[in-house]
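Me: Please walk me through reading a fold, from its outline to one helix.

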Amino acid sequence: MSAVARERRADASTGIVRADFPQYAATVAEVHDLGAGMRRLVCEAPGLRDFVPCGPDEYVGLLMPPAGAPLVLPDPEPVNVRATVAALPPAWRPALRWYTVREHDPVRGRVDIDVVTHGDSGPGSTWVSRARPGDAVGIRASGALYRGFEAGGRQVLVADETAVPSVAAILDAWGGADDARDHGVEVHVEVADPRVLDAYDLGDARVHVRRGRPGSAVLPALDAELARRPGPVAYGWACGEASLAAGARRVLVRHGTDRRGVFFCAYWKVGRPRP
Ligand SMILES: Cc1cc2nc3c(=O)[nH]c(=O)nc-3n(C[C@H](O)[C@H](O)[C@H](O)COP(=O)(O)OP(=O)(O)OC[C@H]3O[C@@H](n4cnc5c(N)ncnc54)[C@H](O)[C@@H]3O)c2cc1C
């Protein structure tokens with residue numbers, strides 16, 4: 001993994017930045033509805049046989065062509081992919097959204113990408129909801145976020161539906177949910193519909209069902225858990241809706257976790273398209 005990482009900074013509150021950003025012109029090989037709006041795209045490209053993820057929760061830019069248009073990929077070199085995408089002619093310009101590689105199969109040159117669909121309220125959800133085997137899609141490697149292997153000791157992962165694929169990939173990288181638990185990994189997830197978890201083995205993850213705004217179920221429960229079972233948390237990782245992710249960081253820090261040991265990422269924000 002380290003061969004492709006440009007830098008691993010001293011504190012764990014930052015992600016892993018790639019040295020390069022390989023791009024793949026891929027084909028949707030399979031589509032699976034996993035339940036409660038979660039769709040799995042199995043994407044295939046010969047070049048994905050040589051893809052080397054830089055961390056267990058590697059995220060990629062999915063480049064989704066407009067309906068009826070061919071797939072045109074941006075220049076692979078520049079760091080600022082948004083600018084290179086924006087420079088493409090509107091008729092061919094793909095939509096760009098970020099998703100996590102749930103699983104990479106180097107033998108078949110495939111990646112699984114699990115997407116929470118939310119109707120037609122964003123270009124990512126719209127495209128994924130209509131995706132069919134044979135569709136062309138671009139994949140641009142970007143980086144990874146989880147750095148818990150370097151931490152040692154108790155660690156707390158907090159996620160909503162959009163980050164469940166990431167958590168599942170992280171647990172796999174530990175050797176499975178049981179091994180992860182034995183290494184001190186605790187998982188707290190908040191979902192609107194628990195059926196979204198049917199396709200994942202999250203072991204004894206605490207599952208909190210959301211009835212209100214993001215974070216309203218998991219944050220008080222996390223607070224209570226850390227009060228009930230105090231003790232140092234060496235590493236925190238919180239991803240999902242912006243207020244859930246930032247709120248989880250606040251709770252962890254309030255209970256004594258060093259803020260440099262907490263990574264958090266607003267995967268999405270209520271009412272705002274991804275910039
Ligand atoms: C590093 C990283 C990894 C990610 N990995 C995954 C992943 O593996 N699977 C996954 O599903 N998502 C993942 N996401 C989140 C995903 O990129 C966002 O949800 C993105 O906003 C979806 O784009 P869109 O075009 O559908 O909606 P946008 O155009 O971004 O937003 C349009 C509207 O939809 C709302 N919206 C956006 N996402 C959701 C949602 N999930 N539920 C309800 N409303 C929403 C917005 O608030 C906005 O009002 C990841 C994000 C990042 C940064």
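Me: What should I know about the model and its numbering?

Reply: This is a predicted model, where local features need pLDDT of at least 70, side-chain atom pairs count only at pLDDT 80 or more, and totals for chains, interfaces and linings use all residues. Residues are numbered from 1 along each chain as its sequence is written, and side-chain values use heavy atoms, leaving out hydrogens and water.

Me: How many helices and strands does the protein have?

Reply: Helices (H or I, at least four residues) and strands (E, at least two) are DSSP runs, numbered from the N terminus. Here there are six helices and 13 strands.

Me: What does the radius of gyration say?

Reply: It is taken over C-alpha atoms, and the globule rule is 2.2 Å times the number of residues to the power 0.38. For 275 residues, a compact globule would have a value near 19 Å; the protein has 18 Å, which agrees. Its C-alpha atoms fill a box of roughly 55 × 40 × 35 Å along the principal axes.

Me: How is burial read?

Reply: Buried means under 20% relative accessible area, exposed over 50%, partly exposed in between (1.4 Å probe, protein chains only). Of the 275 residues, 51% count as buried.

Me: Which residues of α5 are buried?

Reply: In α5 (residues 218-228), they are Val218, Leu219, Leu222, Glu225 and Leu226. They lie on the same side of α5, because they cover an arc of only 125° around the axis. That arc uses directions from the helix axis to the C-beta atoms. On the other side of α5, Ala227 and Arg228 are exposed.

Me: What covers the buried residues of α5?

Reply: Contact means heavy atoms within 4.5 Å. The cover includes β9 (155-159), β10 (185-191), β11 (206-209) and α6 (242-254).
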